[in-house]
Amino acid sequence: MSVEVLDSATIVSFVEDDEAFNITVLNRFAHLDADHDGLLSYAELLKELQSLRVFETHFGIDVKMDPNELAHVYESLFVQFDHDSNGTVDLEEFKSETKRMMLAMANGMGFLPVQMVLEEGSFLKNAVEHESAKLAA
């Protein structure tokens, strides 16, 4: 983990760089695709969502959530990725939804930079590294 400064332009620039974004998406998809069948099952995506602990913490402090409510949230997120409702997420669905979510995040940030703690290998960390590489070139 590291503390990074980013703004909406950093995220948009990363998402619009097809090569950099597609490589990151492909690597993340391959990491999540435990059975290597080219599709993400609910269980495979659920494992990733649970590891993020977004809904189980509030500003870093554990929060007790109703397990049924939490399961519903995870199911709803999976449905967002499963565009054709076939019960699995293919690479294009994963890429499309990831792009949509990142652009929504950028839109919500506004133009002022913010400091965030980012996980190594996360999409946002990759966006920051992409921007740093552009500035260094």
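Does Lys95 count as buried, partly exposed or exposed, and what is the relative accessibility of Lys95? At 22% relative accessibility, Lys95 is classed as partly exposed. The views described below are taken from a predicted model.

**View 1. The salt bridge between Glu92 and Lys95 in helix H5.** Glu92 and Lys95 form a salt bridge in which the closest N and O atoms are 3.6 Å apart. About one helical turn separates the two residues, because they are three residues apart in helix H5. An α-helix has 3.6 residues a turn, so residues three or four places apart point the same way. Glu92 is partly exposed, its relative accessible area being 49%, and Lys95 is likewise partly exposed at 22%. Helix H5 comprises residues 91–109.

**View 2. The salt bridge between Glu131 and Lys134 in helix H6.** The side chains of Lys134 and Glu131 meet with an N to O distance of 3.7 Å. Both residues belong to helix H6 and are three residues apart, about one turn of the helix. Lys134 has a relative accessible area of 43% and is partly exposed.

**View 3. The salt bridge between Arg28 and Glu48.** Arg28 and Glu48 are joined through their side chains by a salt bridge of 2.5 Å, N to O. This pair links distant parts of the chain, with Arg28 in helix H2 and Glu48 in helix H3 (residues 42–52), 20 residues apart. Arg28 is partly exposed, with a relative accessible area of 24%, whereas Glu48 is buried at 14% relative accessibility. Side chains of opposite charge can pair when their charged atoms come close. Six salt bridges are found in a search of the whole structure. A network of salt bridges links Glu4, Glu120 and Lys125.

View 4. Helix H1 spans residues 8–16, and its buried residues include Ser8, Thr10, Ile11, Ser13, Phe14 and Val15. Among the elements covering the buried residues of H1 are strand E1 (2–6), helix H2 (18–32), helix H5 (91–109) and helix H6 (123–136). Thr24, a residue of helix H2, is buried, with a relative accessible area of 12%. Beyond residues up to four places away in sequence, Thr24 touches Phe14, Phe123 and Asn126.

**View 5. The largest nonpolar core.** This core has 28 residues, of which Leu6, Ile11, Leu40, Leu45, Phe94 and Met102 touch the most other members. At least two residues of the core are supplied by each of H1, H2, H3, helix H4 (67–81), H5 and H6. Leu6, with its neighbours within four places in sequence left aside, is in contact with Ile11, Met109, Leu112, Pro113, Val114, Met116, Leu118, Leu124 and Val128. In soluble globular proteins, nonpolar side chains tend to be buried together.

**View 6. A nonpolar patch at the surface.** Met1, Val3 and Val117 make a nonpolar surface patch of about 340 Å². Val3 lies in strand E1 and is exposed, with a relative accessible area of 53%.

View 7. In an unreviewed entry, UniProt lists residues 69–104 as "domain: EF-hand". Over residues 69–104 the chain is 75% helix and 6% strand. The end C-alpha atoms of this segment are 24 Å apart.

Notes
Residues numbered from 1 in each chain as written. Predicted model: local features only at pLDDT ≥ 70, side-chain atom pairs only at ≥ 80, totals over all residues. Heavy atoms only, no water. UniProt positions renumbered as here; feature names shortened; annotations may be inferred. Helix = DSSP H or I, 4+ residues; strand = E, 2+ residues; numbered from the N terminus. Buried < 20%, exposed > 50% of the residue type's maximum accessible area, 1.4 Å probe, protein only. Contact = heavy atoms within 4.5 Å. Patch = residues over 30% accessible without salt bridge, like charges linked within 9 Å, V, L, I, M, F, W, Y side chains within 5 Å. Areas by Shrake-Rupley, 256 points an atom, 1.4 Å probe, with all protein chains shown as cover. Salt bridge = Lys/Arg side-chain N within 4 Å of Asp/Glu carboxyl O. Core = buried A, V, L, I, M, F, W, Y, C linked by side-chain atoms within 4.5 Å.
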